[in-house]
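Here is a friendly request to zoom in on one part of a protein model.

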Amino acid sequence: MPTKKKPQVTAAKKPAGGAAAERRRELLDTAAEVFAEQGYNATTVRKIAGHAGMLAGSLYYHFDSKESMLEEILRTFLDELWDGYDTVLDAELGPRETLEALVTESFREIDRHRAAVAIYQKESRQLAAQERFTFLADSQRKFEKAWLATLERGVAARVFRADLDVRLTYRFVRDTVWVAASWYRPGGQHSPEEIARQYLSMVLDGIAVHRAVPEESKESLHT
């Protein structure tokens with residue numbers, strides 16, 4: 001008598017709507033928090049199921065593996081990130097305005113997908129070596145290209161300092177933005193837009209060209 005196999009439905013194939021879609025979203029949110037806290041390798045389907053208040057076998061009704069869950073978590077985050085980034089880049093703003101908009105979009109994504117950002121920060125280099133997760137390396141190359149081009153435009157336009165090391169600046173901006181996922185909590189005292197504004201005021205004072213104050217303005221300061 002053939003052995004009955006438990007149903008396996010991959011993240012990409014299972015249609016979901018209504019209550020099923022909401023439950024699926026809840027499970028992915030739970031999995032993201034567990035992955036972010038315990039690390040991908042240390043996380044098992046059983047652990048995710050336990051945090052979701054269900055048996056491991058029941059989780060297989062929604063996803064065929066923890067790899068499927070992680071892939072959907074990261075793809076959802078990156079797809080939304082690039083929807084926002086592409087809108088900014090297509091607007092053809094000036095380099096300073098582009099940088100400000102990219103930073104603001106980044107903080108909005110941390111607000112929406114804090115756990116996914118934390119996973120991406122900790123795990124992407126190791127995961128990208130696996131064929132299933134090569135999209136992480138592709139996104140990273142695209143990300144770097146967009147930010148470097150913006151900084152280079154700013155230097156060329158004399159909006160940013162001529163002595164700026166754009167690659168070093170890119171790494172600094174990238175790391176200091178995304179590290180916020182380690183402390184940011186949605187619904188806190190400051191909105192993502194306010195955090196971005198405060199962050200930009202600190203960063204841009206360091207990389208922007210400082211314009212000379214006109215003599216008449218100097219005189220007004222002393223009157």
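Q: How much space lies in the second largest pocket? Please walk me through its lining as well.

A: Happy to. This is a predicted model, in which local features need pLDDT of at least 70 and side-chain atom pairs count only at pLDDT 80 or more, while totals for chains, interfaces and linings use all residues. Residues are numbered from 1 along each chain as its sequence is written, and side-chain values use heavy atoms, without hydrogens or water.

The second largest pocket holds about 210 Å³ of space (an open set of points on a 1 Å grid where a 1.4 Å probe fits, with protein on both sides within 12 Å along at least five of seven lines; lining residues have an atom within 4 Å of a point). Around it stand E33, A36, E37, R114, A118, Q121, K122, D175, W178, V179, A181 and S182. Helices α1 (18-38), α6 and α8 each give two or more residues to this lining (helices are DSSP runs of H or I, at least four residues). Among them, α6 gives the most, with four residues. By class, the lining has five nonpolar, two polar and five charged residues (Asp, Glu, Lys and Arg count as charged).

Q121 also lines the largest pocket, where Q121 is one of the residues nearest the centre, along with Y120, S124, Q140 and R174. That largest pocket holds about 340 Å³ and has 16 lining residues. Helices α6 (114-127) and α8 (166-178) supply at least two residues each here too, as do α4 (66-90) and α7 (134-156). In this case α7 gives the most, with five residues. The lining of the largest pocket divides into nine nonpolar, four polar and three charged residues.

Key: Grid points are joined across faces, edges and corners, and a volume is the space filled by probe spheres set on the points.
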